[in-house]
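Have a go at each task before you read its solution.

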Amino acid sequence: MEVHNVDLTISAVRPDQYPKTDYPEVALVGRSNVGKSSLTNTLINRRNFAHTSSQPGKTQTLNFYNVEDQLYFVDVPGYGYAKVSKKERERFGQMIEQYLTKRDQLCGTILLVDGRHAPTDDDVSMCQWLTYYQIPTLVVATKMDKVKGNTWNRQESLIKKTLGLSTQTPLVLFSAVSKKGKETVWQWIEKQMGM
Ligand code: GTP
Ligand code: MG
């Protein structure tokens, strides 16, 4: 999709604040600092429209980005950030679970993992959880600009194996710096939207 117009419609913490539209929605989930907001920016051709930070825990609400009045990207708070209190974590967890399990407009979820390392236990749990709820998922390995090209295949196999990905769950190697993988991610999104 050619993206020119984007706006942040709402930063929601409760279902009654979600947009009242029936546009399809794609959620971005993953550990804090993995690059969810950066992926959002790359997909919409903006530098820092979705606020990014080198400090984990930047995104704390469900941020609905209206893209061309055709779909929403929903940037979700990250998990696995130790400095967030237990109470906060539970609140985030509930908010995310409620959205992912109850939202009819949700047509797919992008699960981001750090392409430099093996997925964490939290990543594995999230992936299993999405499979259990039968939410169509694309796995995106981020920060591939920091991974040497000759080890990409090995990283790809490691991520697939650790997450236990079935053949139905695609994996894209991505970099917000080089924009590698951007078109493939868009193709998957458009397929989920029924385009
Ligand atoms: P939270 O909102 O805290 O959950 O984090 P997030 O997942 O939204 O991460 P964010 O997009 O804010 O990125 C975190 C840090 O990683 C920032 O310093 C980004 O510049 C950096 N980063 C994100 N993607 C990439 C990438 O593909 N390559 C490189 N080199 N750095 C990246
Ligand atoms: Mg963020």
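**Exercise 1.** Find the bridge partner of Ala-27 in β4, and then describe how β4 pairs with β2 and β3.

*Solution.* Start with the partner: in this predicted model, Ala-27 is bridged to Val-74 of β4. Next, widen the view to the strands. β2 (residues 25–30) pairs with β4 in the parallel sense, over four bridges. One position to look at is Asn-66, which stands opposite Tyr-72 in β4. Finally, look at the turn: the hairpin of β3 and β4 has three residues between the strands, and Glu-68 in this hairpin has a positive phi near 55°.

**Exercise 2.** Decide how many residues of strand β4 are buried, and which ones lie on each face.

*Solution.* First count: five of the five residues of β4 (residues 71–75) are buried, so the strand is mostly covered. Then sort them by side. Leu-71, Phe-73 and Asp-75 belong to one face, Tyr-72 and Val-74 to the other, and both faces are covered.

Setting aside neighbours within four places in sequence, its contacts are Glu-25, Val-26, Ala-27, Leu-28, Leu-62, Asn-63 and Phe-64. Val-74 is also listed, with Leu-28, Leu-111, Val-139 and Val-140, as having the most contacts inside the largest nonpolar core, a set of 40 residues. Strand β5 (residues 106–114) gives the largest share of this core, six residues. As background, nonpolar side chains in soluble globular proteins tend to be buried together.

**Exercise 3.** Classify Gln-134, Lys-179 and Lys-161 as buried, partly exposed or exposed.

*Solution.* Recall the cut-offs: 20 or more other C-beta atoms within 10 Å means buried, 12 or fewer exposed, and in between partly exposed.

- Gln-134 has 7 such neighbours, so it is exposed. It sits in the loop between α3 and β6, with a positive phi near 55°.
- Lys-179 has 13, so it is partly exposed. Its loop joins β7 and α5, and its phi is also positive, near 70°.
- Lys-161 has 11, so it is exposed. This lysine is part of helix α4 (residues 152–163).

**Exercise 4.** Describe the shell around ligand 1 by residue class, and find which residues come nearest.

*Solution.* Begin with the classes: five nonpolar, 14 polar and five charged residues. Of the 24 residues around the ligand, Gly-35, Ser-38, Thr-52, Thr-59 and Gly-78 come nearest. Last, check the elements: helix α1 (residues 36–43) supplies the largest share of the shell, three residues.

Conventions. Residues numbered from 1 in each chain as written. Chains lettered and ligands numbered in written order. Predicted model: local features only at pLDDT ≥ 70, side-chain atom pairs only at ≥ 80, totals over all residues. Near = placed C-beta within 6 Å. Helix = DSSP H or I, 4+ residues; strand = E, 2+ residues; numbered from the N terminus. Nonpolar A, V, L, I, M, F, W, Y, C, P; charged D, E, K, R; others polar. Core = buried A, V, L, I, M, F, W, Y, C linked by C-beta atoms within 7 Å. Contact = placed C-beta atoms within 7 Å. Pairing = 2+ DSSP bridges.
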